[in-house]
Amino acid sequence: MRHNYKNLKIWQLGIEIANDISDILLEFPKHERYDLSSQLSRCSVSIASNIAEGSSRTDKSFSHFIDISLGSSFELITQLIVAKHRKYINEIIFNQLETKIEEFQRMTMSFQNGLK
């Protein structure tokens, strides 16, 4: 069975997370443009992108792409911890993003379990 990724709540939330990250990166120092900013951007875009790519595959293969998407979401939280430590984002923004990413992780793991 193939899935229409645009109708998947996990893909929609992944897009929302990527857009949130894009918005906060506007405030990052210029010297981070090619380092942490770039990593945060690529990582956040990877979350929804892997769901989209995997949706065209069999459920077994789709599950692999979901694993990659989940991995990117855990990587993203780690990068946000670094950004908070460097004072590029405050505690409130960090907590809001972390909550949203953790929601994505719960929803995605539940969705993935339904594929098996």
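Contact here means heavy atoms within 4.5 Å. By that criterion, 76% of the contacts in the chain between residues at least 6 apart in sequence join residues at least 24 apart.

The model is predicted: local features need pLDDT of at least 70, side-chain atom pairs count only at pLDDT 80 or more, and totals for chains, interfaces and linings use all residues. Residues are numbered from 1 along each chain as its sequence is written, and side-chain values use heavy atoms, with hydrogens and water left out.

The chain has four helices and zero strands, where helices (H or I, at least four residues) and strands (E, at least two) are DSSP runs numbered from the N terminus. The radius of gyration, taken over C-alpha atoms, is 14 Å, close to the 13 Å that the globule rule (2.2 Å times the number of residues to the power 0.38) gives for 116 residues, so the chain is as compact as a globular protein of that length. Along its principal axes the C-alpha trace spans about 45 × 25 × 20 Å.

Of the 116 residues, 42% are buried, that is, under 20% relative accessible area with a 1.4 Å probe, protein chains only.

Leaving aside neighbours within four places in sequence, Phe28 is in contact with Leu36, Ser37, Leu40, Ala83, Tyr88 and Ile89.

Conventions. Buried means under 20% relative accessible area, exposed over 50%, partly exposed in between (1.4 Å probe, protein chains only).
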